[in-house]
Amino acid sequence: MSRIQRLQNAAVRFVFSLRGREHVSAFRDAAGLLPTQAVSRMQTCTLVHRVLAAREPWYLVDRLVTRGEVALRGTRQDALLHFARVRLEVGRRGFSYFGPKLYNDLPLDLKQLSVSAFKKRLKQ
């Protein structure tokens, strides 16, 4: 991720004729670009929302189960997505953990939008 961010920063420096040590954040914002980490998170949330709305592809639907389907008793968090506990950082980068974790942190009104409206609102 850091290599891609450095590449994006180099492209912004090239387009705006900046020197090597000048900060690119203000120019990146002026160009309407998001940092690569934010783009990655946005795409993951959009993918999770699209899978939940369309119920396809089946191999991703199987990975996105709600807590109500897993738990033995009902709680207020039954509608949230379940993600297994992981010990290592490598496990936290996987879709089965990272996708539901990000999606659960989103506000409820955002989750109820259509896929195209969800993506536009999430980018804002």
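I take buried to mean under 20% relative accessible area, exposed over 50%, and partly exposed in between, with a 1.4 Å probe and protein chains only. Phenylalanine 27 is partly exposed by this scale, at a relative accessible area of 30%.

**Ground rules**

I note that this is a predicted model, where local features need pLDDT of at least 70, side-chain atom pairs count only at pLDDT 80 or more, and totals for chains, interfaces and linings use all residues. Residues are numbered from 1 along each chain as its sequence is written, and side-chain values use heavy atoms, with hydrogens and water left out.

I take helices (H or I, at least four residues) and strands (E, at least two) as DSSP runs, numbered from the N terminus.

**Entry: aromatic pairs**

I searched the whole structure for aromatic pairs and found four. Rings of Phe, Tyr and Trp (its six-membered ring) pair if their centres lie within 6.5 Å; planes under 30 degrees apart are stacked, over 60 edge-to-face, and the rest tilted.

I looked up phenylalanine 16 and phenylalanine 27, a tilted pair with 5.2 Å centre to centre and 45° between the planes. This pair links distant parts of the chain, 11 residues apart: phenylalanine 16 is in the loop between helix 1 (2-15) and helix 2 (25-30), and phenylalanine 27 is in helix 2. Is phenylalanine 16 buried, partly exposed or exposed? Phenylalanine 16 counts as partly exposed because its relative accessibility is 33%.

I then took tryptophan 58 and tyrosine 59, whose ring centres are 5.9 Å apart with planes at 90°, so this pair is edge-to-face. Tryptophan 58 has 63% relative accessibility and so counts as exposed. Tyrosine 59, at 47%, is partly exposed.

**Entry: the nonpolar core**

I define a nonpolar core as a set of buried Ala, Val, Leu, Ile, Met, Phe, Trp, Tyr and Cys residues joined through side-chain atoms within 4.5 Å. In soluble globular proteins, nonpolar side chains tend to be buried together.

The largest core here has 12 residues, among them Cys45, Val48, Val61, Tyr103 and Phe118. Helix 3 (36-54), helix 4 (58-61) and helix 7 (95-104) each supply at least two residues of this core. Which helix gives the largest share? Helix 3 does, with three residues.

Neighbours within four places in sequence aside, valine 61 is in contact with Val51, Arg55 and Glu56.

**Entry: threonine 44**

I found threonine 44 in helix 3. Its relative accessible area is 14%, so threonine 44 is buried. Not counting residues up to four places away in sequence, threonine 44 touches Phe98, Gly99 and Leu102. From threonine 44 to phenylalanine 27, 17 residues apart along the chain, the C-alpha atoms are separated by 25 Å.

**Entry: backbone exceptions**

Most residues other than glycine have a negative phi, and most peptide bonds are trans. I noted the exceptions below.

Arginine 55 is not a glycine, yet has a positive phi of about 60°. Arginine 55 sits in the loop between helix 3 and helix 4. Proline 57 lies in that loop between helix 3 and helix 4, and the peptide bond from glutamate 56 to proline 57 is cis, with omega near -5°.

Serine 17, also other than glycine, has a positive phi near 55°. I place serine 17 in the loop between helix 1 and helix 2. Serine 17 counts as exposed because its relative accessibility is 63%.

**Entry: the largest pocket**

On a 1 Å grid over the protein atoms alone, a pocket is an open set of points where a 1.4 Å probe fits, with protein on both sides within 12 Å along at least five of seven lines; lining residues have an atom within 4 Å of a point. Grid points are joined across faces, edges and corners, and a volume is the space filled by probe spheres set on the points.

The largest pocket has a volume of about 190 Å³. Its lining includes Leu52, Ala79, Tyr103, Asn104 and Lys111. Helix 7 and helix 8 (108-111) each supply at least two lining residues.

Technical notes. Contact means heavy atoms within 4.5 Å.
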